[in-house]
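Student: I have not looked at this structure before. Please take me through it by question and answer.

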Amino acid sequence: RTTTHKLVTYPGKNDWIEMFDLQRDPYETNNHAAGNPELVTKLRTQLDQLGEAAGFRWPSGYSASGDAPPPAAKKAGKKKK
C-alpha cells in the first residue's frame, strides 16, 4: 500500500491481482489492475523490495511465484456417512 494505491495479491493464485486507486476510489469498489499493468508491476516490485528488506519469508509450501502448498492429506480411517 502506498499513500495513493493499494495492491492485493493472493498466495497460490498468481493471476489474482487487485489494485485500487485510494484517492479516487476510497471504498475500493473498482479493481484497476487490468487497466494499468505498468503501475501493478511498479507496486509489485516495491512490495518485493520491501519484503526482502524486512526479511520476509514465505510460509512453508508457498513461494513468490504463487505456488500453493499441496492439499491436506485425508485422515486415514474416516469414512463419509
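Tutor: Helices (H or I, at least four residues) and strands (E, at least two) are DSSP runs, numbered from the N terminus. This is a predicted model, in which local features need pLDDT of at least 70 and side-chain atom pairs count only at pLDDT 80 or more, while totals for chains, interfaces and linings use all residues. Residues are numbered from 1 along each chain as its sequence is written, and side-chain values use heavy atoms, with hydrogens and water left out.

Student: What percentage of the 81 residues of the chain count as buried?

Tutor: Buried means under 20% relative accessible area, exposed means over 50%, and partly exposed is in between (1.4 Å probe, protein chains only). Counted over the 81 residues of the chain, the buried share is 17%.

Student: How many salt bridges does a search of the whole structure find?

Tutor: A salt bridge is a side-chain nitrogen of Lys or Arg within 4 Å of a carboxyl oxygen of Asp or Glu. One of them joins Glu 28 and Lys 6, at 3.2 Å from N to O. Another joins Asp 21 and Arg 24, at 3.7 Å from N to O. The search of the whole structure gives a total of two.

Student: How many residues apart in sequence are the parts that the pair of Glu 28 and Lys 6 ties together?

Tutor: The side chains of Glu 28 and Lys 6 meet in a salt bridge. Glu 28 lies in the loop between β2 and α1 and Lys 6 in strand β1 (residues 5-10), so the pair links parts of the chain whose separation in sequence is 22 residues.

Student: What is the phi of Glu 28, which is not a glycine?

Tutor: Most residues other than glycine have a negative phi. Glu 28 is partly exposed, at 27% relative accessible area. Its phi is positive, at about 55°.

Student: The backbone nitrogen of which residue lies 3.1 Å from a polar atom of the side chain of Asp 21?

Tutor: A polar contact is a pair of N or O atoms within 3.5 Å; within protein, one must be able to donate a hydrogen and the other to accept it, and residues adjacent in sequence count only if both atoms are side-chain atoms. At 3.1 Å from the side chain of Asp 21, the backbone nitrogen belongs to Gln 23.

Student: How far away is the side chain of opposite charge nearest to Asp 25?

Tutor: Asp 25 is in the loop between β2 (13-21) and α1 (37-54). Its side chain reaches the backbone nitrogen of Asn 30 at 2.7 Å. Lys and Arg count as positive and Asp and Glu as negative; His and the chain ends are not counted. Asp 25 is buried without a salt bridge, and the nearest side chain of opposite charge, that of Arg 24, is at a distance of 10 Å.

Student: Which residues does Val 8 touch, not counting those up to four places away in sequence?

Tutor: Val 8 is in strand β1 and is buried at 17%. Contact means heavy atoms within 4.5 Å. Beyond four places in sequence, Val 8 touches Trp 16, Ile 17, Glu 18 and Phe 20.

Student: Which element gives the most to the lining of the second largest pocket?

Tutor: On a 1 Å grid over the protein atoms alone, a pocket is an open set of points where a 1.4 Å probe fits, with protein on both sides within 12 Å along at least five of seven lines, and lining residues have an atom within 4 Å of a point. The lining here is Arg 1, Thr 2, His 5, Leu 7, Leu 43, Gln 46, Leu 47 and Leu 50. Both β1 and α1 supply at least two residues. With four residues, the element that gives the most is α1.

Student: With which residues is Thr 2 in contact, leaving aside neighbours within four places in sequence?

Tutor: Thr 2 is in the segment before β1 and is partly exposed at 26%. Its contacts beyond four places in sequence are Leu 22, Leu 43 and Gln 46.
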